[in-house]
Amino acid sequence: MWTLSGFADEISPKLDEQIALLNKLGVHSIELRTVDMVKVLDFTDEQLRQVKEALDRGGITVSSVGSDLGKILITDDFAPHLERTRRAVKVAQVLGAPYIRVFSFFIPQGEDPARFRDEVLERTRAMVATLEGTDVVMLHENEKDIFGDVPSRVRDLLASIDSPRYRAVFDPANYVQCEVRPMDEAWDQVKEFVDYIHCKDAKFPVDAEDIGEVVPCGQGDGQWPALIAALKERGYEGFFSLEPHLGQFDAYGALSGPENFTRAHKALTSLFADAGMTAH
């Protein structure tokens with residue numbers, strides 16, 4: 001049996017509506033990103049307490065803090081971002097979250113990412129250092145246009161940091177949007193670092209203006225059956241976090257709505273069933 005989580009703010013901005021659908025679907029964890037259009041790292045201490053109490057009442061645990069850490073230009077001032085990182089650690093501890101989702105900085109358009117490698121590593125090491133004395137782990141997501149968007153740089157980043165407190169999310173859709181075949185071209189390079197799966201799929205871009213349509217798992221080019229088979233063989237015990245991205249996007253993420261979130265859940269659990277696995 002595998003464990004499901006998800007970015008439930010794609011269901012609704014309202015936490016009670018998020019919890020209601022998660023309970024209906026039998027999903028007992030959440031990757032907490034926003035509530036009422038407020039980012040998790042911007043919650044006041046009182047808001048954080050109220051959210052934790054509501055999740056506890058709903059029987060929902062937090063699999064990961066869905067932070068925006070590392071989602072700034074590598075040329076932006078880092079000092080305020082490091083303070084935000086310290087806040088994220090506190091938030092994770094209050095919520096009882098084992099993970100914080102992070103990124104590896106946007107690269108200026110048209111620039112060679114290799115020029116910024118040393119700065120990316122220096123900043124990332126500083127962020128990871130804030131975890132000292134905790135049980136929290138940072139998870140790097142392979143987001144398009146950041147330093148660690150393609151598998152060679154993801155591997156370089158994770159191997160160079162070389163810390164049990166810094167691991168990887170595997171997001172097949174994001175690889176597809178970078179024109180990478182997830183299982184054929186990425187998995188073998190990064191699999192030793194992967195502790196968490198983001199669950200969405202995408203179709204390869206058809207031209208320079210196309211970023212690659214996001215679709216439910218198994219309906220795009222993300223090679224989901226092969227990924228599930230590899231994880232089953234490995235004895236994977238981490239989270240599968242639904243991130244449907246089937247609706248409109250804004251600064252806070254994507255609002256898929258209850259129907260699309262349910263559709264994404266059905267597509268993923270159908271793939272699990274085909275592989276002889278169940279999820280909760």
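Student: Which residues do ring pairs link into a cluster with W2?

Tutor: This is a predicted model, in which local features need pLDDT of at least 70, side-chain atom pairs count only at pLDDT 80 or more, and totals for chains, interfaces and linings use all residues. Residues are numbered from 1 along each chain as its sequence is written, and side-chain values use heavy atoms, with hydrogens and water left out. Rings of Phe, Tyr and Trp (its six-membered ring) pair if their centres lie within 6.5 Å, where planes under 30 degrees apart count as stacked, over 60 as edge-to-face and the rest as tilted. Ring pairs of this kind join W2 into a cluster with Y236, F240 and F272.

Student: What is the distance in sequence between the parts that the pair of W2 and F240 ties together?

Tutor: The structure holds 9 aromatic pairs, and among them W2 and F240 form a tilted one, with 4.8 Å centre to centre and 35° between the planes. Helices (H or I, at least four residues) and strands (E, at least two) are DSSP runs, numbered from the N terminus. Because W2 lies in the segment before β1 (3-6) and F240 in strand β12 (residues 239-242), the pair ties together parts that are 238 residues apart in sequence.

Student: Over the face of which residue does K71 lie?

Tutor: A charge sits over a ring if NZ of Lys or CZ of Arg is within 6 Å of the ring centre and within 35 degrees of the ring normal. The charged end of R153 is placed in this way over the ring of F147, 5.8 Å from its centre. K71, at 4.8 Å from the ring centre, lies over the face of F103.

Student: Within what arc do the buried residues of α7 fall?

Tutor: In helix α7 (residues 182-190), the residues P182, M183, A186, W187 and V190 are buried, and the face turned away from them carries the exposed residues D184 and D188. The arc is that of the directions from the helix axis to the C-beta atoms. Seen down the axis of α7, the buried residues line one face of the helix, because they fall within an arc of 110°.

Student: Which residues touch the most other members of the largest nonpolar core?

Tutor: A nonpolar core is a set of buried Ala, Val, Leu, Ile, Met, Phe, Trp, Tyr and Cys residues joined through side-chain atoms within 4.5 Å. The largest one has 82 residues, and helix α3 (residues 79-95) supplies its largest share, 6 residues. The residues that touch the most other members are I100, F170, I197 and F240.

Student: What is the relative accessible area of E179?

Tutor: E179 lies in the loop between α6 and α7, and its phi is near 60°, a positive value in a residue other than glycine. E179 is exposed, with a relative accessible area of 58%.

Key. Buried < 20%, exposed > 50% of the residue type's maximum accessible area, 1.4 Å probe, protein only.
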